[in-house]
There are 2 protein chains.
Amino acid sequence: MAKEYHSKYKTWILDYLGERKDSRLSASEIHTAMAKDGLNANLVTIYRNLDRLVDEKKLNRQKISGEEENFYQFLAPDLHCTSHLHLICSKCGRIIHLNCEFMKEISDHLLADHGFQIDCQDSALVGLCRDCRAKSAV
Amino acid sequence: MAKEYHSKYKTWILDYLGERKDSRLSASEIHTAMAKDGLNANLVTIYRNLDRLVDEKKLNRQKISGEEENFYQFLAPDLHCTSHLHLICSKCGRIIHLNCEFMKEISDHLLADHGFQIDCQDSALVGLCRDCRAKSAV
DNA sequence: AAATAAAATGCAAATGATTTGCAAAAAACG
DNA sequence: CGTTTTTTGCAAATCATTTGCATTTTATTT
């Protein structure tokens with residue numbers, strides 16, 4: 001008879017990120033957005049709920065070169081985020097889920113020719129998305 | 001008539017990482033290794049020299065998911081590190097330079113099919129190298 | 001070799017993201 | 001309601017990294 005507690009903050013975070021599957025937000029960005037929505041949690045509470053959600057594998061935590069903060073990203077079973085790579089735009093933060101047949105070629109090649117077994121969850125390809133490339137090519 | 005100062009610490013760091021092109025070390029690892037070699041610099045000095053070397057594009061600074069520290073990697077023009085991806089073993093830290101023809105296929109595909117222009121310098125594929133995979137498959 | 005200028009160093013303290021200890025508030029369940 | 005367990009907030013700790021500043025080292029010029 002395990003008790004089922006729930007935190008409104010945790011629910012809010014999951015909903016919020018679930019509506020933004022193509023982006024990744026930092027703890028403080030989430031904190032700010034939540035406050036704008038009238039829900040005032042302590043930043044520590046945000047961190048704790050993010051930790052729980054990562055433990056429950058409902059969110060993914062990513063840190064890439066040049067960033068000082070961790071970023072959190074929605075992770076649902078039906079997104080298959082553990083089996084594909086993510087492209088992250090270094091300008092706007094947009095996430096592109098690399099859900100194409102080419103993905104398999106990459107992992108096969110790495111394994112066959114380099115003996116390397118990729119861990120998609122922790123890997124990320126950084127660069128410029130189409131929109132930001134267009135903007136910067138003024 | 002720009003004066004040319006040089007720091008023995010900077011030289012030591014570059015030499016040390018230059019002899020370890022297939023690995024990446026953190027500031028404190030470098031600090032420790034340097035001390036073992038009888039050269040005692042303050043950790044702050046290590047940080048400052050690493051910054052300079054990154055500015056001079058002689059080292060690359062990388063941070064990946066799950067790591068709290070920055071890691072530094074030797075970067076020489078003849079290694080073409082800016083135009084290929086790096087595979088990083090999450091277990092032993094080994095770096096594999098993805099210097100193969102397949103690399104071009106990856107970047108071409110990302111650009112053509114996803115409009116994404118990869119920045120190899122900040123991208124890294126994390127996973128298990130051949131040796132660590134063999135060990136963990138006991 | 002001494003004087004000057006610029007850069008490199010060490011120390012202490014600041015920073016910024018994240019974590020932790022602890023007591024109080026909220027939720028679950030009998 | 002009363003008890004138990006979880007969640008929260010606050011203050012303080014932590015950890016990697018950075019900064020301010022006075023001192024030392026180095027390069028270059030007398």
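This report covers charged side chains in a predicted model.

## Basis

The model is predicted, so local features need pLDDT of at least 70 and side-chain atom pairs count only at pLDDT 80 or more, while totals for chains, interfaces and linings use all residues. Residues are numbered from 1 along each chain as its sequence is written, chains are lettered from A and ligands numbered from 1 in the order written, and side-chain values use heavy atoms, without hydrogens and water.

## Salt bridges

Over all chains, twelve salt bridges are counted (a side-chain nitrogen of Lys or Arg within 4 Å of a carboxyl oxygen of Asp or Glu). A:E67 and A:R24 form one of them, at 3.1 Å from N to O. This pair links distant parts of the chain, 43 residues apart: A:E67 is in the loop between β2 (59-62) and β3 (71-74) of chain A, and A:R24 is in the loop between α1 (8-18) and β1 (25-26). Helices (H or I, at least four residues) and strands (E, at least two) are DSSP runs, numbered from the N terminus.

A:E67 counts as buried because its relative accessible area is 17%, and A:R24 is buried at 6% (buried is under 20%, exposed over 50%, partly exposed in between; 1.4 Å probe, protein chains only).

A:K58 bridges A:E56 at 3.1 Å; A:K58 is partly exposed at 34%, as A:E56 is at 33%. A:K10, A:E56 and A:K58 are linked in a network of salt bridges.
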